[in-house]
Amino acid sequence: MAFDCNKARGVSLPNNRSSICTEGTIIQANPLSHYWKAKGWKSRDKLGNQKSSYGSIPRDSNTKKADEASGEATASTCGIRCFTDLPAALVCEVLARLDAKELGIVSCVSTLLHTLATDHQGWKKLYCERWGLPNLPATLNGPVVPGSPLDGKSWKTFFVEREFRSKSFMGKCNVDVLRGHNEDVRAVFLLASANLIFTGGRDSVVRMWNMEEGLLIDSSHPLGGTIRAVAADTRLLVTGGTNSYIQCWRAVDGNVHLFHISGNGTDQTSEFRLWGHEGPVTCLALDSLRIYSGSWDMTVRVWDRTHMECVQKLMHADWVWDLAPHGNTIASTAGRDAYVWDIRNSELTSLISNAHVGNTYSLARTHLANVLFTGGEDGAIRLFNVSDVSDDDEDSKPVATWVPHSGPVHSLAFEYPWLVSASSDGRIALIDSRKLLTPKKSSKGPFSVKSFDASAIEPPQRMLHGVGCDLFSIAIGADRIVCAGEDGAVRVWNFSEALEIERRAQALRSLRQENRMRRRKAQAEMNANGRRPDQCSIAMKKNQLKGDKSVT
């Protein structure tokens, strides 16, 4: 929703022009002095009455009359009274330079600034820098979720809710165990927008689960090999494994669970296969236009989703273990190295040599193109800034390194600000990346990666134990962490209870703060009226304190 700053301030620009703060629009700030004279400073006086921590220059009646008489000349010499007297376009430009915390502080200053800061499009930018465009629940006909930004909810509200939910991973959790696979599970995928979990493993069966209830919804027929990779969105489900082909299911119109993977009594055209790899398929990913697949045949293939055909083949020097697309680039790991490719021209743009001691098994990317997390056979997790990687470096130096595991890191998943890892030591590590990724104030890029001394890197903020088996795959989203391993069980760590506990705690703190402010206001009114406080109330409080001490 575009926000008209001048309209909110109660003024109109000449010639029916208005300054609109919209994303991607550059607004030139024009001096407002040419119409302050016509307004007789009425709008300025109205804004000057707003209570603001910025303060204003004291103005007596004589000064005010002189201002009205001098008009434009006074406007150029008197100076700005407060922040809200700046031109509307300039106010919007200043707000666009603030981060989330600063915008929140500004919104508490006055009613006018609250309106400006709450409706400002900077909140959408802040949200997309961290999480990308929201992955809203949708059907084949598009988003239908009430309360989404498309349905009237402000971007500030959307940002605050998402930031609040990210804190739940440090709270209390419940562990749900989904049983159905007969052998080890090699791949899990969480499609939070559709409330679905997909799993596959050595029993060659793909299973679809309800995320909230933990119930099995549907399962495929045996596909004839170990399932090593699963990926999905609301239109397509793809799996791959040792049989070298990609099994695909299109979403069925009218199906509440999107896919009918068992194939009984449905249109057979919704299920098909893509052939091309000459070895086991180890990793898969989707975007709106393409399918990405990596294989032990040392290639990453890019498939066009419209025609379902291979359009690119990227050759590597070793077996491909993992991949992650981002915009027009795709990162992949093969052997000890990590690669970044430009899929527009199939060129290798960055090569991180010897990222780990042993194979680089796992990879995770954020919505920041230059940030790359890798996990390896040495049990380490490393953060690389791709923009700092030189083609001449035989061993690329990471920005940060963690060694939380005693076994290989088989899988990584990222949802801002949390990076989660699964290892053969049966443990899950949670790493908070907020201190490593710093918002930029310039327009060159949304974030920069801090440089840290190795000894200053904080250890993982939390470790989840108790699995007792090798873990091969992990996913994060919707207040949940989903992992699976060699025991055939799928574990869902549900942090929703922590979210509810924190909501109740916040409501209690707000109530206490409100009562405290009411007491202060009542005390101030009594002092202003020259009354003495009620002695009975004071005595009652003293007796209550004495009683509390005697009990303790």
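**Figure 1. Ser-332 and its polar partners.** In this predicted model, the side chains of Ser-332 and His-316 meet in a polar contact of 2.7 Å, and a polar contact of 3.3 Å links the side chains of Ser-332 and Trp-341. A polar contact here is a pair of N or O atoms within 3.5 Å; within protein, one must be able to donate a hydrogen and the other to accept it, and residues adjacent in sequence count only if both atoms are side-chain atoms. Ser-332 sits in strand 19 (residues 329-334); helices (H or I, at least four residues) and strands (E, at least two) are DSSP runs, numbered from the N terminus. With 1% relative accessibility, Ser-332 counts as buried, where buried means under 20% relative accessible area, exposed over 50%, and partly exposed in between (1.4 Å probe, protein chains only). Setting aside neighbours within four places in sequence, the residues in contact with Ser-332 include Val-300, Asp-322, Leu-323, Asp-337, Tyr-339 and Leu-363; contact means heavy atoms within 4.5 Å.

A word on how to read these views: residues are numbered from 1 along each chain as its sequence is written, and side-chain values use heavy atoms, with hydrogens and water left out. Since this is a predicted model, local features need pLDDT of at least 70 and side-chain atom pairs count only at pLDDT 80 or more, while totals for chains, interfaces and linings use all residues.

**Figure 2. Leu-314 in strand 17.** Have a look at Leu-314, which belongs to strand 17 (residues 309-315) and counts as buried at 2% relative accessibility. Its C-alpha lies 5.1 Å from that of Val-300, although Leu-314 and Val-300 are 14 residues apart in sequence. Apart from neighbours within four places in sequence, Leu-314 is in contact with Met-298, Thr-299, Val-300, Ile-330, Trp-341 and Ser-346.

Figure 3. Strand 6 (residues 185-191) and strand 7 (residues 196-201) run antiparallel and are joined by six bridges; two strands pair if DSSP finds at least two bridges between them. Strand 6 is mostly covered, with five of its seven residues buried.

**Figure 4. Helix 10 and what covers it.** Helix 10 (residues 155-166) has 12 residues, which at 1.5 Å a residue should span 16 Å, and its end C-alpha atoms are 17 Å apart, in agreement. That expected span is 1.5 Å times one less than the number of residues. The buried residues of helix 10 include Trp-155, Phe-158, Phe-159 and Phe-164, and also Lys-156 and Glu-163. Among the elements covering the buried residues of helix 10 are helix 7 (100-107), helix 8 (111-119), helix 9 (122-131), strand 27 (418-423) and helix 11 (496-528).

**Figure 5. The largest nonpolar core and Leu-419.** The largest nonpolar core has 37 residues, of which Phe-373, Leu-383, Trp-402 and Leu-419 touch the most other members. Domain 1 (88-136 + 152-165) and domain 2 (173-501) both give residues to this core, so it lies between them. The core is a set of buried Ala, Val, Leu, Ile, Met, Phe, Trp, Tyr and Cys residues joined through side-chain atoms within 4.5 Å, and the domain bounds come from an automatic or database domain assignment. Not counting residues up to four places away in sequence, Leu-419 touches residues including Ala-364, Phe-373, Ile-381, Leu-412, Leu-430 and Ile-431. As for Leu-383, its C-alpha is 5.5 Å from that of Val-399, 16 residues away in sequence. Val-399 is placed in the loop between strand 24 (381-385) and strand 25 (400-402) and is buried, with a relative accessible area of 18%.

**Figure 6. Pro-417 and Asp-432.** The peptide bond from Tyr-416 to Pro-417 is cis, with omega near 0 degrees. Pro-417 lies in the loop between strand 26 (409-415) and strand 27. Asp-432, in strand 28 (residues 428-432), touches Pro-417, Trp-418 and Gln-461, leaving out residues up to four places away in sequence. The side chain of Asp-432 also makes a polar contact of 2.8 Å with the side chain of Arg-434.

**Figure 7. Two loop residues with positive phi.** Ser-244 is not a glycine, yet has a positive phi of about 75 degrees. This serine, Ser-244, lies in the loop between strand 11 (236-241) and strand 12 (246-250) and counts as buried at 15% relative accessibility. Ala-478, also not a glycine, has a positive phi of about 55 degrees and is found in the loop between strand 32 (471-477) and strand 33 (480-485).
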